[in-house]
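Here's a friendly walk through one protein model. Take a look at the sequence and the structure before reading on.

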Amino acid sequence: MICVYAIAKVKPGLAQAFEETGSRLVNASRAEAANISYTLCRALESENVYPFIEQWKDAAGLEAHLSTPHFIAAGVELESLLTCPLEIHKLESVD
């Protein structure tokens with residue numbers, strides 16, 4: 001299983017727009033055959049910080065996700081809402 005932990009740092013005042021776009025991305029991604037789980041969280045200790053936590057059946061499923069229309073469209077929308085590029089960590093499950 002492949003996991004992704006991606007941290008989004010949102011510009012002040014744009015949290016609602018980010019959450020709306022992020023929710024559309026999450027819902028569309030959950031429908032992908034290779035997706036196990038996809039969650040958008042709000043950090044409790046840091047304002048405007050939103051981690052995405054994802055699980056994919058395999059690397060091929062994650063790669064396919066990166067080329068879906070909903071992922072590409074969300075990336076364009078999210079870019080203007082963030083203070084910096086997403087911090088993305090790809091992980092492999094060991095259990």
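Which residue in β3 does Leu 40 stand opposite? Leu 40 stands opposite Phe 52.

A few ground rules: this is a predicted model, where local features need pLDDT of at least 70, side-chain atom pairs count only at pLDDT 80 or more, and totals for chains, interfaces and linings use all residues. Residues are numbered from 1 along each chain as its sequence is written, and side-chain values use heavy atoms, with hydrogens and water left out.

**The sheet**

Four strands make an open sheet in the order β2-β3-β1-β4, with antiparallel pairing. Because β2 (35-40) and β4 (87-92) sit at the edges with a single partner strand each, one side of each has no neighbour in the sheet. On average, neighbouring strands here are turned by 10° against each other, direction ignored. β2 and β3 (residues 49-56) run antiparallel and are joined by 5 bridges. Strands count as paired if DSSP finds at least two bridges between them; strands (E, at least two residues) and helices (H or I, at least four) are DSSP runs, numbered from the N terminus.

Helix α1 (residues 15-30) lies across β1 (2-9), β2 and β3, and runs at about 170° to β2. That angle is taken between N-to-C directions, from 0 to 180 degrees, using axes fitted to C-alpha atoms, for helices over the stretch in contact (heavy atoms within 4.5 Å).

**The aromatic rings**

The structure holds 4 aromatic pairs. Rings of Phe, Tyr and Trp (its six-membered ring) pair if their centres lie within 6.5 Å; planes under 30 degrees apart are stacked, over 60 edge-to-face, and the rest tilted. Here are two of the pairs:

| Pair | Centre to centre | Between planes | Type |
|---|---|---|---|
| Phe 18 and Phe 52 | 6.0 Å | 65° | edge-to-face |
| Tyr 38 and Trp 56 | 6.1 Å | 90° | edge-to-face |

Phe 18 and Phe 52 are both buried, as are Tyr 38 and Trp 56 (under 20% relative accessible area with a 1.4 Å probe, protein chains only; exposed is over 50%, partly exposed in between). Phe 18, Tyr 38, Tyr 50, Phe 52 and Trp 56 form one aromatic cluster.
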